[in-house]
Structure formats: structure tokens, C-alpha cells
Amino acid sequence: MRSRTRINWLVMLLVVLGTLFILFPLYMTVTIALKNPEQMAQSVFAIPTTLHWENFARAIDMTNFFQSFRNSAIVTASTVLLTLLSNSMVAYAIARNMEKRKFFKGLYYYFVSAMFIPFPIIMLPIVKLTASLEMTNLVGLILLHTVYGLAFNVFVYVGYIRSIPVALEEAAFVDGATTWGTFWKIIFPLMAPISATVGILTCLSTYNDFLLPLIIISDPEQYTLPLVQYVFQGQFNTEFNLAFASYLLALLPMIIIYLFAQKWIINGVTQGSVK
């Protein structure tokens, strides 16, 4: 008998609507970035009749794009690296000792409770503390991003580490391995799927963050890409064409990273699903 494939039209409709919901803002961003103010005044939604590529050149000059991109790249790459190294070790110590010692269980709940503290509450103390410690620079921003991600990362890391059999570590101890060697040679490689997830989320949140650099960075030469978008907003008007061109330029690095890293992203998801 010939099998018939039924089409779930409700699911299909939801997929189409979801696709349009995602693509429409991207369409608006691209078309506005390629228009001039006169074309925008005629119609915001229409496809531009003449492409104004000079908007991108002007946006690069006004935002000092390459300097800002270098700052964002330094902060993002350093934060991801420091987060994966430090947060995984903290989570490993907590996961393997929280059932034995109350201190580590209390430390785990202390980190988890930090996820429920709104950032505006601690914003003013952070400004005063970083200023007194002379950390109003990229180094201070990297350290703060690493610390702020600790609560959520410990939460997801601990859950994953507890699923790894303790017998693997016991066998390593019998063979003469130290705790340090066991973590780096056995546990850390097994954490690759969850580390990929943590790395991706940290990369996106750090690269796109606006509020923390706004209150921390004092030197305009150290501004990140989200901060320099302020240059297009005047007191009486906003240069939307140049602003949207700058948004596309800032978005491009993340798209390129995803295109090159999607193999590892998918591999990490599949490994985590069959663990």
C-alpha cells in the first residue's frame, strides 16, 4: 500500500508566520540602510529604487567602526575563554562536593539565587566599586561579564557534571591521576556539549551588551559596538539610514561566526541529546 504523508496545515501556518515574523525586521533593516532620507519619506516599506552604499562608508567613519569592533572582539573573546575555564572549574568543585559538605550546597544555592537579582539594583554600587578600583576599562568589563555569567553557568554546568559517572574519576585516581589532571583530561573533554552552549550564550550576551559598557567604560576610545550607535541620535532627529547601516555592520560578525561554527553547534547539541 502506498503510504500517504499528511500535512499538518496548522503547524505549517505557524512555521510560515514565524518565518515572516523573523524575516520582516531583517528586510526593514536592509532596505532602510540602502535608502536616503528622501526615499524614506516616500515609503518606509518599499524596496529602494537606488541603492545608497555610501551609507555604510559614512556609518564606518562616524562610529569609528574598526576600533569599536576591535574592542568588542577583545571583550567577547576574552570573556568566553575566561568563562569556560573558570566557571567550569567552580561548577566541578560544587557538583562533586555538594552532597558531602553543606558549604558547597550553600554555595550552589547562593550562585543560583544571584540569577534573581535585577541588574539595576546593583548598578550604582558597581559604578562606585569599579571607579575606586580603577577598572573602568576593557579589563574590568571582561571580569564583570565573567562574574555575572557565573550564576547561570554554574547552574547548567552542575546539572551536566552530575550526569557524568563518578566511576570515571575513581578509575583515574586509581591510576595515579590528581584532581587537577582528572578534570582537564577526563571531565572537561566530556563537558564539550554543555561548554559549546555556554560559550555561544556568553558570546551573544557579551557582544550585544549595552548597559554594562555604558556605565563602566569612561574612555571613548574603548567603546564597544553597541555604545557607538548613540552617535546617530541627535536632539531633534535620528539618522535612521546611517543607523541601520551601522546595525547591519555590527550584526555581520555574529552571522559569520555562526556560519563557520554551526557544525560544532549542531555537533554539541546532538552529543548532549544522546548522552
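Which helices each supply at least two residues of the lining of the largest pocket? They are helix 4, helix 5 (102–113), helix 6 (119–132), helix 7 (138–148), helix 8 (150–161), helix 11 (192–208) and helix 12 (211–216). Helices here are DSSP runs (H or I, at least four residues), numbered from the N terminus.

Before going on, bear in mind that this is a predicted model, where local features need pLDDT of at least 70, side-chain atom pairs count only at pLDDT 80 or more, and totals for chains, interfaces and linings use all residues. Residues are numbered from 1 along each chain as its sequence is written, and side-chain values use heavy atoms, with hydrogens and water left out.

As for pLDDT, the predictor's confidence in each residue from 0 to 100, the protein chain averages 85, and 91% of its residues reach 70 or more.

A pocket is an open set of points on a 1 Å grid over the protein atoms alone, where a 1.4 Å probe fits, with protein on both sides within 12 Å along at least five of seven lines; lining residues have an atom within 4 Å of a point. Of the 26 lining residues, Val147, Tyr148, Gly149, Leu150 and Ala151 sit closest to the centre. Helix 11 gives the most to the lining, with 5 residues.

Now for the nonpolar cores, sets of buried (under 20% relative accessible area, 1.4 Å probe, protein chains only) Ala, Val, Leu, Ile, Met, Phe, Trp, Tyr and Cys residues joined through side-chain atoms within 4.5 Å. The largest has 44 residues, and Phe56 and Tyr108 are among those touching the most other members. Helix 14 brings the largest share of this core, 8 residues. A second, separate core of 9 residues includes Ile126 and Leu138.

The structure holds 15 aromatic pairs, meaning Phe, Tyr or Trp rings (for Trp, the six-membered one) with centres within 6.5 Å; planes under 30 degrees apart count as stacked, over 60 as edge-to-face and the rest as tilted. Phe65 and Phe69 are stacked because their ring centres are 6.1 Å apart and their planes at 10°. Both lie in helix 4 (residues 65–97), 4 residues apart, about one turn of the helix.

Technical notes
Buried means under 20% relative accessible area, exposed over 50%, partly exposed in between (1.4 Å probe, protein chains only).
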